[in-house]
Amino acid sequence: MSTPKRSACGMQMFTVDQCTACGHCAYPPRYLCPRCHGAQWKTRRVVRGILQQYTETRGRDAEGAPRTVPLATLRTDAGPLVVARLAGPAVKGASYTLTLQDQALIATPDSP
Amino acid sequence: MAGAGMNCSTGFDGVRLLAGVEIPYRRHGQTSTSDLLAQAFQAAIARAGLRADEVDGLGVASFTHGPDRAIDLAWKLSLQPRWIMDDSNGGTSGLNVLMHAARAIQCGDASAIVVVAGDHFEAQDFQRLVEHYNLTTRNYLRPLGAGSPNSLFAMLTSRHMEASGLRREDYGTLAVTQRGWAGQNPLAVYREPLSLEDYLAAPMVSDPLCRFDCVPVVDGANAIVLVRSDHPCVDKSASSTPVRMLAMAARHNIDHQEGGGLRTGLADVAGSLWNAVGMGPQDMDVVSIYDDYPVMVLVQLADLGFFAPGDAQRFVHEQIATRKLALNTSGGQLSAGQAGAACSLHGLVEAMIHLQGQAGERQVEHARHALVTGYGMVEYRYGMCSTALILQGDGQ
């Protein structure tokens with residue numbers, strides 16, 4: 001299982017694990033490949049995902065104040081479906097850039 | 001013991017379920033998990049007509065029992081078991097233990113086993129549980145501000161709406177129908193009538209899920225007793241007519257969390273399950289489907305063949321809403337409450353009560369066969385574990 005790489009600007013690139021035996025990409029990481037049970041992985045960078053579904057979850061922050069968290073399921077260009085926090089409007093079928101910020105996967109719209 | 005292929009466990013001859021009990025679920029209860037489990041144990045053996053010194057097996061399903069384990073509870077209950085087991089695999093944990101317990105009885109490792117399941121949650125306990133449910137949740141979902149499964153099942157429900165054509169009103173009909181059953185269950189936490197208008201006007205939790213799509217967290221416990229069929233208490237337990245386990249099937253992690261979550265392991269085992277008992281969905285008099293969210297009730301019913309793809313809406317309104325299908329007759333977790341791992345036995349206890357003719361106002365007449373499912377353990381996007389059990393009573 002690999003760890004994310006940090007880009008020059010300080011923002012972490014988003015990566016998934018790719019099985020060296022069959023090429024299947026998996027996220028979150030695991031020990032054995034779900035397709036071929038291979039145990040060797042390499043890191044593959046993921047840049048974009050296409051928004052499949054989204055929701056706004058209502059809750060409270062640590063101080064008890066109401067807050068809304070926009071979340072989405074996206075199909076990445078490497079294959080895996082991921083859950084990310086949206087940094088912009090939700091548009092089904094639209095393309096988003098995926099980055100890691102403070103361990104959170106963030107999806108930023110490619111078109112404003 | 002006979003097996004019917006790889007997908008289904010049959011041949012539970014020699015095992016009888018005697019008693020199923022529920023310690024009343026409570027909002028903000030003050031009873032510890034250990035106390036709840038002990039109460040469930042004592043209620044179960046009393047119902048079964050069993051003495052504590054006759055119990056030689058103890059299974060425990062719980063999220064919050066720690067740091068205690070089954071043997072610690074056995075010590076507190078002054079038991080000297082030959083067989084013990086813990087399971088914390090959520091919505092299927094109680095049924096997992098049951099499957100092992102039945103085999104233990106058949107193999108002679110024990111003759112009378114009590115399986116208890118329950119949880120007590122302080123406010124911080126529940127938040128801690130959902131945010132640290134497993135390492136994947138802790139490391140990949142919690143940083144998003146999405147520690148609760150509500151957001152994941154909201155998106156799953158959206159996928160289901162796209163695939164099935166269902167509207168919020170259809171899921172609401174299921175919740176409203178279950179609330180109607182809860183009104184006939186003195187142990188249900190939420191019993192006041194719920195209308196579809198109430199449902200549609202309720203605050204959103206995570207759209208499209210509203211408050212009535214999300215199970216209310218409560219404290220509580222359930223327990224069952226299973227014994228060898230020739231155990232003396234089988235005959236003397238007039239208040240607890242024995243129930244047979246006809247077939248059981250479990251299938252977990254069917255798609256490695258890489259699908260849509262609109263199909264569970266039950267789809268893989270349904271055929272062999274029904275074949276094993278020579279029956280089909282139409283033969284079930286009582287049905288307890290694990291209902292962490294309305295959508296998952298419909299997904300599991302579809303997997304088990306209760307309706308064909310594309311027929312969900314008709315089934316909701318013609319079979320569920322009309323009570324032609326006696327579904328989640330306790331009110332389900334949606335109305336009776338979600339008491340953590342207790343709910344892995346909640347549906348089983350409800351089914352047993354009907355098969356034993358003890359369901360009071362909501363009794364399904366001449367109930368002879370029942371289906372119970374368990375579902376749960378969300379890894380990244382939906383639940384991984386599925387179990388189904390078919391029971392037979394004597395039809396009184």
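Author: B:Asp311 has a relative accessibility of 22%, which counts as partly exposed, the class between buried (under 20% relative accessible area) and exposed (over 50%), found with a 1.4 Å probe on protein chains only. This is a predicted model, in which local features need pLDDT of at least 70 and side-chain atom pairs count only at pLDDT 80 or more, while totals for chains, interfaces and linings use all residues. Residues are numbered from 1 along each chain as its sequence is written, chains are lettered from A and ligands numbered from 1 in the order in which they are written, and side-chain values use heavy atoms, with hydrogens and water left out.

The partner of B:Asp311 is B:Arg314, and their side chains form a salt bridge at 2.7 Å, N to O; the term means a side-chain nitrogen of Lys or Arg within 4 Å of a carboxyl oxygen of Asp or Glu. B:Arg314 is also partly exposed, at 33%.

B:Asp268, partly exposed at 23%, pairs with B:Arg251 with the closest N and O atoms 3.1 Å apart. That pair links distant parts of the chain, 17 residues apart: B:Asp268 lies in helix α10 (residues 266-277) and B:Arg251 in strand β9 (residues 244-252). Helices (H or I, at least four residues) and strands (E, at least two) are DSSP runs, numbered from the N terminus. B:Arg251 is partly exposed at 34%.

B:Asp268 also forms a salt bridge with B:Arg263, at 2.5 Å between the closest N and O atoms. For B:Arg263 the relative accessibility is 42%, again partly exposed.

Elsewhere, a network of salt bridges links B:Arg51, B:Asp53 and B:Glu54. Over all chains, the structure holds 16 salt bridges.
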